[in-house]
Each structure stands twice: as structure tokens, then as C-alpha cells.
Amino acid sequence: MNAVDITQATKAFGKTVAVRDLDLEIPAGSIFGLIGPNGSGKTTTMRMILNILYPDSGVIRVFETERTGPRLADVGYLPEERGLYRKMKVRDLLMFFSELRTGKPNPLDVDGWLETFAMTGHSKATIESLSKGMSQKVQFIASVVSRPRLVVMDEPFSGLDPVNFEIMRTAILDLRREGTTIILSTHDMALAESLCERLCMIHLGVKVLDGTPEAIRTAHGSEMVLLECAEGTVPWEAFPEVKDVHERASSYELTLNSGADPQQLLAALIQRVRVHRFEVSRPSLHDIFVRIVRREGKEAAHA
Amino acid sequence: MRRIRTLIKREYIAAVKTKGFVIGLLLAPVIFGGSGIAMAIFAGHVDTTDKKIAIIDHSGAVVQALLDAAEQRNAEQVYDKETGDKISPAYVLLRIEPDPHDPELQRLALSDQVRDGTLHAFIEIGPSVLHPDRDSAGARVSYHSKNPAADETRRWIANPLNEQLRWERLQEAGIEQTEVPDLFDWVSVDGLSLVSRDEASGEVQEAKRKDEIEAFIVPLITAGFMILLMMMSAAPMLGAVMEEKTQRVAELVLGLATPFEFMMGKVIGALAVSLTGGIFYLVAAVLMLSTLGAFGYFPLHVIPWFFAFLILGIVFFSAMYAALGSVCNDAKDAQQLTFPAMLPFLLPMFLLVPILRAPLAPLATVMSLIPPFTPLVMLLRMTSPEGIPAWQPWAGLALLAISSILSVWLSGRIFRMGILSVGKLPKFRQLVKWAVRG
């Protein structure tokens, strides 16, 4: 079963199309990564899943139900730009959010989460007296308290120190283990790769990647070579295996054409230059991300 | 509905459970009625320093009468008969002979005495004061002091002066004072309500005495409380919503509640806060008036109307202010919108006195039927002793109820778009578009 099914969703603000003809399936019980550069349409997509915004056309189903209007009790949301009622006490605030979600406060769950995040001692502190990391943890708890089945998190790790980062990462994995579906938006590609079972990249309002990290890397994974060689100009046009060259301080990052044999390239290179280092690698998600953004950017500039 | 209930609870507790609310509740009427209280306090602090006043009477006809009147006043009104305390200044009048050679110099010398405090004032009575119709310039009476416009003595002296002049004129006509001693006795005109028949007993009821307290003070205090309760709950809505939006609380709440639920939580929360204040003031007023034995002044018949207008007025204004707050992106935006938003709320306050003086005039009637003005103006008219046609409060209430529903509906549409909007403050045309198209 899918937690979210999006079919041909389009949303425009005036003349700007934020999301265009988006099709997306988010399997229930998975951690799903939504990636893309700033202003690509991620937040609009998340707001549409949450019913905060309605699509101009297309259908969005959450747990197989098409909803417009009322909020779903089993959906939690952690927006990117977040704040809390500064004068409220931590526990009162979490009780308020748990009551807002399910209709009645859930003290057991609130206290459980406070304990998980080692915040029991701060339950009577006002929000304004908390450090940034602490209030970020409270915001996280507010989005997951009373155990929603689907949690949408926009950059949940931004600004966290390594200790709190690890606590939150563990909490997200625990939620997934319990069956919660998590939609995660992040700019941290390494994190997305390590945490998400499926990924979708949106760029300029259009889906450009969708699948498991492994499948994406395979599909977009022209092999890459890190080359260090003696100084001098390399006549790249003489090497048909090379698709793209990215010059670094003292090395080159080569993208090979699909099907090209790195061994043949090495043999050809040795004929012309003195090779110090030749390292074959598959592109990371970060590389694919940057490559797509650059390519789309160039196409947009030419259009 | 349960989400609205949760939001109302939070709004209410956040507002009421603060020291500011309790202090505000107690202090607001004091600050609000500050000028009235100050006047009452200072009314008891009269300057009792004796007032020395020089009189130059060119006619020679009235000076003695003024001296006698001052002496009589000093004997009767300067000291409290029971306590013996001095409660008023004595008027010490001095007869000064006119200087026929240099009247200007005489005026300058007396003015200098007023300046250095030897005299309080000096009066110059013209030679033809008895017959102004024959020589109006010569009939002038001038009162010279540091602040003649607000001088209590100037007001007092006009009475004995004119009375003496009238007797002098009658004497010239051959009528002696002893023949008609009560010729100039003053009778006052009492303000009374209309006579009515008691429906139960069938007896004709005597008309009630209507005084200034009933005519002005009671309506003004009632209207004052209406303004106070609206200021307490509806007026801060614009800033509060803007703050929740800019502090990024709104989006977190919007993940769990629709914009309409969010807005209604705030509107009804504000309503609950003002009703708490209203009930507090109602109980306090009943207790205070009962203790003072002045419960008769309590406008019992308008209390249900007061709360009906209060509830609808707060819903109308709170929803409107919440919508305007939702389109603001910083404090500057909120500042820019506050004055125009407050205008329909403030306008009737400038017209309180004209409305009270003529509650049945077209201005008052029309204003009381314009929904944003209805709570204040209709209430003011209803509490005035004159009374208003029975259909008007009902018409006002119906129009206000329709407008409040419309305000909630349109504001909800603006709020939904505004709360997530960023960038520049939308223009009025854009707000109308949001309100109409949603």
C-alpha cells in the first residue's frame, strides 16, 4: 500500500508554476527523500500532501483517500521555517499539539518522547528559555507526538550538532521501524542516500529523479574517473571515452560515456601523459544532483 | 470542531493566565476613566485663597450692591457650616474711585497689582451701564485678571451685577423692591420622564426625575466598557496573527488545523477573553452600585443587548483583524494597516456627545444601523433616557449578525491565502480578489 499517491498534480502561484504534472508514489512504512535545489517545488509538494495547499489540477491521495479541506489526524508536519509559542511551557505545548492532532492530550506519549530526547528535566521550562537545539527537538516531538502514520519533515536536521543529529536520526529510524511513513526533504545528499529507501528529485517544478538510491545511481551512473597526471595540456578530444571533464586544483574529474571501458582509457592516457593516479568510481547522489541541476540550468538558459 | 475547541482553549489560557490580563482588567477602567477621576479628585481641591478684587464704578450705581453681595456670599459660602472648614475663597471687593484725569494710567497701575499678586482682578464698570441701549460703549463692564476666561469670580459677579441693574431700572420706572420682592427669583426646570400606566396594576405611575447621571454618565460608562472589552480582545488580533506568522508558529499549526479552524480558534478565543472581562465588570458594577445605594442607575434592560452586540462586534472585528494580520510579513506592515483597520472602530468614539445629545437624529439613527458602528452607537442610544424605537436594536442586531458571518467568511478566505504568503504587503485589490475568489 502507498501512503501517498500523487497523480498529475500541478500547482501555480500567479504565472509561476511551482509543481508541474507530478506523479509520485510513496510506499507506506518507508523513509522517502524529497530532494531538489531551493525553489524547486519541494515545499509546495509537501504542502499539497498535507492539504495546506490544494493542487490546481491532479489528484493527491493520502492512505488511499483523496482529501481536501480537513486536516488528517494521522499526519505530522515539521516545516522548514519553524517556530513555537515562546511563552508556553514545553510539556504544555506538546500536550496542545497532541490534543490538536487527535482530539485529546496524550500525556503518556508526550512524556515518552521527552524521555527519549532527555528533556524530562525541561518539561516545565518555557520555550523562550531553551537553546536552539533544544527547541528544535521540541519541534520534532510536536510533529510526531500521538504517533501519526505519516510524518512530513522539511530539513529536520538543519542546524543540529552531531549529538542531537544522531538522536534525531535514531528517532526517525525507530519511527520507521514502528511502521510510520516518513517524507524527508533535505539538501544533504549523503544523508538522503544513507537514510532514504526511495528518493525523488524535483527541479524547476518537475520530477527529474525517482527510485531507490541504488537504482538512481545505476540509471544515471556513468562511471567517473579521478585522474592525476603530470602537468601539461591533455587533448581530451582524442579520448572518445570521456564525456565531460571537470578540472580540480591538481586533478581532473572525468565522466565517461555510457559503456566506455576505463581500462581502455587508462591505456590510451598512458600513451600520451604520465599518470600519477587513476581512480574509477561511481557517481554519488551529490554528483548526480549537481549534474542534473547544471544541465537543467544550461538548458533553461538556452531556451 | 474539536480542533477549534483545542485552539480556543490555548488562546484563552494564553491570554487570561497572565499577570498582564489581571492587571489590565483592574487598571483599564482607571486609565480609561482617568480624566473623569482626575476631575473628580481635583474638584475637591479648590483654591481657597481669598480673592481681592478692585472695582471702579463709573456709574456709581452698582458698586455698593456688589460689596453687599460679596459680604453675604462670604458669610454663607466660605466656611462649611458643620465642620467649620474653609471650602471656598472669600471675595474681598475694594471700591476704587475713578481717576478722571488719566484712566489709562489707573488701569496700568491696577494691572501691575494683579501681576504682582496684590490683587486677584479689577473690574471697570462703564458710566452708562444702566442703559446700554443709549450708549453701548459706555455701558461696558470689563474684568481684568491673569486668566479671565476660566475665572470663577468673573462668572459669580455677573449675577449680583445684573440683578442690581434690573432693580435700578425698575426703581426709575417707579416700582419699589418691596412691592415685588420675588420678581427675580429663579426657578429651575426639572427633567422628568413621561408618565405611564403600570400594566399589572393599571395605576398611573409618576414620572421619574431624569438627571445628568442618567442622561450622560450611564450611557458613556456603558459605551466605555464596550470599547474597553473590544480593545482588550479584538484590537490586538492583527498584531498577534502577524507575530504567529513571522515567528513561524502558524505553519506548524496549519499542519494540524485548516486556516479556517486556526482563525476561528483565535476569534472565539478572543471572544471568550472579552466575555470574561465583561462578566467581571458586570459583577463589579452590580456590587459597587448596590454598595453605594445607586443600583437604580444600573441600565438593567440593556445588559442582554450589551452582550449580544459585544459578541457580534468582537466576531466581526476579530475576524477582520485576523485576516489583515495574516497578510502582514513584519511589524512595519502591521503598523501600516493598524490605523485604517481601527478607523471603523474609532469613528463613533468621536461622535459620542452629538449622538447622546440627539439620539433620535438621523445621524445617530443611520450610524447605529451601519454594522461596524452598531455595537457602540446603538448601545449609546439605547442607554440614553430618551429611548429609541423598539425595532431599531433588532434591526441593528440582525444587520450586525449578517455582517459578522460575512466578515468571518471573507476573512477566512483572505486568511487562507495570507498566512502562507511572503514578500510584499498585498494591495487592497489583491485582498478583494482573495476574499471574492478564495
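## Sheet of chain B

Strand β3 (residues 121-125) of chain B is joined to β4(B) by 5 bridges, and the two run antiparallel; strands here are DSSP runs of E with at least two residues, helices are runs of H or I with at least four residues, and both are numbered from the N terminus. Across this pairing, E124(B) stands opposite S142(B) in β4(B).

In chain B, 4 strands form an open sheet with mixed pairing, in the order β2-β1-β3-β4, where two strands pair if DSSP finds at least two bridges between them. The edge strands of chain B are β2 (91-96) and β4 (141-145), each of which pairs on one side only. From one strand to the next the twist averages 20 degrees, with axes being lines fitted to C-alpha atoms and angles running from 0 to 180 degrees between N-to-C directions.

## Basis of the model

This is a predicted model, in which local features need pLDDT of at least 70 and side-chain atom pairs count only at pLDDT 80 or more, while totals for chains, interfaces and linings use all residues. Residues are numbered from 1 along each chain as its sequence is written, and chains are lettered from A and ligands numbered from 1 in the order in which they are written.

## Helix α1 of chain B

Helix α1 (residues 2-16) of chain B has 15 residues, which at 1.5 Å a residue should span 21 Å, and its end C-alpha atoms are 21 Å apart, in agreement; the expected span is 1.5 Å times one less than the number of residues.

The buried residues in α1(B) are R3(B), I4(B), T6(B), L7(B), R10(B), E11(B) and A15(B), a residue being buried if 20 or more other C-beta atoms lie within 10 Å of its own, exposed if 12 or fewer, and partly exposed in between, with C-beta atoms placed from the backbone. Seen down the axis of α1(B), these buried residues fall within an arc of 160 degrees, so they line one face of the helix; the arc is that of the directions from the helix axis to the C-beta atoms.

## Positive phi in chain A

Most residues other than glycine have a negative phi. N51(A), in the loop between α1 (42-49) and β4 (57-62) of chain A, has a positive phi near 70 degrees, and counts as partly exposed because it has 19 C-beta neighbours inside 10 Å.

F63(A) lies in the loop between β4 and β5 (65-66) of chain A, with a positive phi near 50 degrees; its 17 C-beta neighbours inside 10 Å make F63(A) partly exposed.
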